Each structure stands twice: as structure tokens, then as C-alpha cells.
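I opened this entry to look up folds, packing and contacts. My notes follow the display.

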Amino acid sequence: MDETRPVKIQVRGLSKVFGKQPKKALELRDQGLKRPEILEKTGQTLGLSDISFDVYEGELLVIMGLSGSGKSTLIRCLNRLIDTTEGEIVIDGENIPTLGEKALLECRRRHFSMVFQNFALFPHRTVQQNAEFGLEIRGVEKSERQSIAHNALKQVGLEGWEDAYPNQLSGGMQQRVGLARALANDASVLLMDEAFSALDPLIRKDMQQELLQLQSKMQKTTVFITHDLDEALNIGDRIVLLKDGEVVQIGTPEEILTKPADDYVRRFIEGVDRSRILTAESAMRPVRTTARDSDGPRTALHRMRDHSIDSIYVTDRDRQLLGLLEADAASRAIEAKAETITDHLTQDFRKVPPDEPLQNLFAMFSEKSYPIAVVDEQQRLLGVVVKGAVLDELARAGEQ
Amino acid sequence: MEITRIPLGSWIESGLTWLTSEYSVVTRGISRVTQTGINSLNDGLMWLPEWALLAIIALLCWKLASTRLAIGAVAGLALIWNLGLWNPMIETLTLVVIATLVAVVIALPVGIAAALSERLYRVIMPVLDFMQTMPAFVYLIPAIPFFGIGSVSAIFATVIFSMPPAIRFTTLGIRQVPVELIEASDAYGATRGQKLFKVQLPLSLPTVMAGINQTIMLALSMVVIAAMIGADGLGSEVWRAIQRLRPGDGFEAGIAVVILAMLLDRLTQSLRKSRRS
């Protein structure tokens, strides 16, 4: 992962004790005691222990764990719905746990929108008024907040429902209102607390897709809580895995799947449909050799012979993929006394983005035997995937 | 061994005497203001011809509640008019309205404060228990030295007796607002005031209205009893019937009280239901 991206929220050494003598509980923790022993000795619950992670600007970070792992506590510490016991949460230079009452209000208004598991819509307000809530609290002028809220409702597909009351809507639609309320607020971070967990599975999948689409458009920094690994793998740019109030692993979905940090994670990921998660990138190999557009046909053919391959990808100076040169075509170019190879390229090959699911690649191999090119958004050649590598990757993942 | 009797009664008496003499300026002031209020409301309602007031009430019932209630109101009020109990009914209504207003004005802020502060809640709840379980007649006795015989004393006793449900229901209503909604308003950076007026109060309104309904009912029962210390109205009709041993008159006045009670109850309940839940 690109570690140089700007950090939006920095969490360092965050702990939370539920009880009246938190110091004592933390002392025991420092002596190496775990949650159950601390509970037995002091009657206090160690909700979170020494949590550190970063949330990068614009990423969708999933905090995942089973019930009791502390994930709900953690997200509530971020905007201080729950006070922390020790540690730092820094957002844009402000340390949230030490803010005064006024500064905290200001910080919540500027930085945080929140979407709740059971929607938490205001039953006495219309859909429109619900969407306006955050803006109303901030004192945004009426006509302005109405139009912003209207746009937010449009974004989540609720145009025409402005005057309905929440109890007239289905669960999925209610959560769209919750999402619109958060989007309208235009805070810099979106907190989603098990936002889709109360929805039935089909609606849930839809909402995940829509969130991803919104996310690709808006690039809003998002912290998403879930207990569902599939959901985490599906939507997360990165995942923070919690267990008993401690971080077990932080990584991309692929890292979690392919390099589980310990047995706990390994057990956790059993039963995940791997082929859906593994992507072209994980099976990709670096290209052993390519031809340049300025190369003559002889040079290109020579390279193919050297690497005993019968086709070669051709790129320009910026590694932008121009086409594929087959050995036959190269021979014909030599006969035709061509100076360069650019006129003899074929476009009859497959290229995919790095995040293309592996299972889609299977179908492509049945059509052509060329390695599949993996290109980024600028059409630069990142690597190739050969048939055997896909099978290898799947088999390896299956064994774990 | 003989245990000395604790002179609880005489302590309370001397306390009351002290209060009466020390604060006579205050009590007299309250008395004057309240009496003026009672008189003007009475005069206003009586200035209207019977049929006009009847029409207004019927219209109110029809608008706020149902046609059925409007018809019932017309029939009931016409009966009271026919029995010659119109003016006592107005006097009773006045006492109920003023006592309820005073009770609600005190009860709402107290109820809100008790809902928001755990400490205040713990102090106020036993006080409310005391106010509600103390036999209602007892309030009549200190009322007299404070405000003299008559309607002002009746209002004083009635306010004390009828206020607890309004406080309790207000507190309950606010405490019943789901934690999630409180979290939601906190998460969006609402101040305490914004939370109270935009979320907690609107959501507790149905419960608060139920409390006010209870207060009105208690106030009605108390102003009738307050006839014993000289309050005017239907109560004094009943009181007179008892003294003269005329059960017929007593029942007539009693039925008028029942009609008034039902009317007030249905009307306030419909107010509560007409709000969206």
C-alpha cells in the first residue's frame, strides 16, 4: 500500500476502560493481563487496548470484528460519543480526546457525519427534514440547506420522497435517508456504524455497490464498521481487524486473505469465496520482456526467441501499451522491409485493470492463449497474467 | 419508660405561621394577581351568551376531534344549561383552566430539568410521591392562612395536587427518547439546546400531552373538593346539596362535573393523537 498518502485521522495508543478506576485496569493491562482477568480482578471491562492505525485521506477503511471486539466503541471514540481513557486521535492537527466542549461540537460539525445501524432517523421529521438535520444544526440558511439536502436525496435515489416520514419507508430506503443525511452534511469523514447490517442480504449487496460507486465519485474518507468479513472484503480499501479490543491485523483485503497474521485471522477467512476476492494483481507476474515502438522487427523477433515466446507486448517510452506483436507478424514485417513494428501490431488480446476478479480471467483464457495484460488507468503495462498463474493462486489460497 | 411524643404537628404549624407572616407581601401579591385572572376569565366566559360559547366549544371539538364529540358536547352542555348550572360550570372551568396553566408552566421546566439531571431526578421523585399521596384535603388547610377563603386558595391546592403527573410524564417522555437518536444529534454536533428543542421535546410531546391530560383531570376533581374552602362552581353546588340533604341537586351538579370532565378529557386526548407519531 502507498504509505505516503496524506493521513486524515491518526489513532495512537487508544484505550478505553468501562469502569470507575480505569487507571488500575490499564496498570494490569501493562502487566500483561488480558480482558477476562482484568474483568475478574477489577470488575471493569477493557473495551479497547492500545489501538493504533491511520485513516488515509479518501480511503474506505473497514474496521471489522465480531461482537465484543470493540469496533462500535472504537468508532464512537473517533467522534467522542464515548470518552476515551488514554491515547490520541488526531484529525487535522486537533487531538479529539482533549478538546473542550465547544471545540468538540465544532469538530464534530466540521469533520464527522455518521450513519447508524438502525438508521436513527428522526420520526417526527420528514425525509427532507432528516436530510437537512446536520446543516440545520450548523445554522445553514434554510433555502441553501433545502437545496443541498435535495441533492443528497437525489444522489441516493430518493427523489420524490422528500415529504414522506421515515416510518413510511422500507428499511433499505430508510438507510438511504441516513446516508443522505450524512452526505448532505459534507463533513470530511463519514462514519458508518454497521450501516448495512440491519438490511436483508440482497438490499445489502445493492447498498454496498452504491456506496462503492458514490465512493469512486466522491473519494470521501470513510470509516466503516462491520462484523461481516464478506462485506469488509467487498468494500474496504484496507481492513483493520479487531479481536477482544486489540488490533490483530491491518491490511488490504488481499493481504488479509493471502497473508493472515495469525491463526485467528486464518480461521476467520475460512469460508470466504476466494476467487471472488483475489484479483488480477495477485496473480500478475512482471513482464519479462517487452518491445518498444521504435524497435525494428528484427530486434523484436530476437527478443521473442531469447525468451522463447511467440508474441510480445509493445509499449511506448512511458510504458503505455500500444499492442501485441506476434512472431508471424514480425517475420512478415521483416519480409516487407518495414523500419518499425508499429504497423504490424494486433489489438486482438485481452487487457484488464489490476482489480479485476480472478474468476473473470478464466473465461478470457478460453478465447486466446496470450497472457492477459494488466494495465492501469493510463494504459501503462503493469504486468501479465498467464493461465497457470491463475490456477496456482487459487489452489494456494484454497489450501490455507 | 415513656417516649415523648414528637410534636411534628406543632412544628409544621409554627413553620406555616412563620411563612405566612414573613411572606404575607408575596402571598397577598399572588392572591391579587390570581384573583384578577380568575375574575377576568370568568367575566369573559360569562359575557358570551350561552349559545355562543356552546357553539364555539362544539366547533373546537369538531375541528380538533370528531363530529361525534361535537354532538356529545352540544348535548352535554345543553343539559347543563337546562339544569341552570351554566354559571357554576363556567366558574369550575375557569378554575381548572387557570390551575392547569400554572401547573404546566411550573411542571414543564421542572420535568425537563429532572430528565436531564440524574441528581435532580432523585430529589424530585420522592417530593412528587409526597405531593400525590398526601390526602388532597390537607392542602386546603394551609391554603387558607396563605390566601384566605375562596378561589385563590382553591387554585393553590389544586396546582400542588395536579402538578405531579405533568412533571412525571415530561421526565418520562424525555428519558424515553431512544439513545440512538440522542447519539445521532450528538454526532452531528448539536448543542444541548438544539438537542432539547429539535429532538427530545418534539419526540416526548405525546407523553407530555398525556401528562397534561392527567393534570386537567386531577385539577377538575380538586376544584370540586375545594368548594369546602369556599371555591365557587359546581363543587359548591354539591356542597350545598350535602348540607341541605338534597340528593337530587347533588346528582345534578355531579353529572355536570362528569360532562365537563369527559369533554376536557376527550378534547385533550384528541390533541395528543392528532400529532404524528
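I read chain B from the N terminus on, and its elements run α-α-α-α-α-α-α-α-α-α-α-α. I count twelve helices and zero strands in chain B. Helices (H or I, at least four residues) and strands (E, at least two) are DSSP runs, numbered from the N terminus. The C-alpha trace of chain B spans about 70 × 65 × 40 Å along its principal axes.

I note that this is a predicted model, where local features need pLDDT of at least 70, side-chain atom pairs count only at pLDDT 80 or more, and totals for chains, interfaces and linings use all residues. Residues are numbered from 1 along each chain as its sequence is written, while chains are lettered from A and ligands numbered from 1 in the order in which they are written.

**Annotated spans, chain B**

I looked up the UniProt record. Its unreviewed entry puts "transmembrane region" at residues 51-81, 93-116, 136-161 and 203-230 of chain B. UniProt positions are in the numbering used here, feature names are shortened, and annotations may be inferred rather than shown by experiment. Residues 93-116 of chain B are 100% helix and 0% strand, with end C-alpha atoms 34 Å apart. Residues 136-161 of chain B are 88% helix and 0% strand, and there the end C-alpha atoms lie 7 Å apart.

**Helix pair, chain B**

How do helix H2 and helix H5 of chain B cross? The axes of H2(B) (residues 24-47) and H5(B) (residues 86-116) come within 9 Å and cross at roughly 135°. Axes are lines fitted to C-alpha atoms, for helices over the stretch in contact, and angles run from 0 to 180 degrees between N-to-C directions. H2(B) and H5(B) are therefore oblique to each other; under 35 degrees counts as roughly parallel, over 145 as roughly antiparallel, 65 to 115 as roughly perpendicular and the rest as oblique.

The residues in contact (C-beta atoms, placed from the backbone, within 7 Å) include Gly37(B), Ile38(B) and Leu41(B) of H2(B), and Ile90(B), Glu91(B) and Val97(B) of H5(B). I sort the contact of H2(B) with H5(B) into eight nonpolar, four polar and one charged. Ala, Val, Leu, Ile, Met, Phe, Trp, Tyr, Cys and Pro count as nonpolar, Asp, Glu, Lys and Arg as charged, and the others, Gly among them, as polar.

**Chain A**

The unreviewed UniProt entry places "domain: ABC transporter" at residues 33-269 of chain A. That span is 44% helix and 22% strand, and its end C-alpha atoms are 27 Å apart.

Next I checked a sheet. It is open, with three strands in the order S11-S12-S13 (chain A) and mixed pairing. Strands pair if DSSP finds at least two bridges between them. The edge strands are S11 (291-292) and S13 (321-326) of chain A. Five bridges join S12(A) (residues 311-315) to S13(A), and the two run antiparallel. Ile312(A) stands opposite Leu325(A). Helix H14 (residues 297-306) of chain A packs on the sheet and touches S11, S12 and S13 of chain A. Helix H15 (residues 327-335) of chain A lies across S12 and S13 of chain A, at about 85° to S13(A).

I also looked at a hairpin. Four bridges join the antiparallel strands S15 (residues 372-375) and S16 (residues 381-385) of chain A. Ile372(A) has Val385(A) as its bridge partner. Gln379(A) takes a positive phi near 65° in this hairpin, which has five residues between the strands.

**Where the chains meet**

I find 17 residues of chain A in contact with 15 residues of chain B. Helix H4 (101-111), strand S6 (112-115) and helix H5 (127-137) of chain A each give two or more residues to that side of chain A. The side of chain A that touches chain B divides into ten nonpolar, five polar and two charged residues.

Notes: Two residues are in contact if their C-beta atoms, placed from the backbone, lie within 7 Å.
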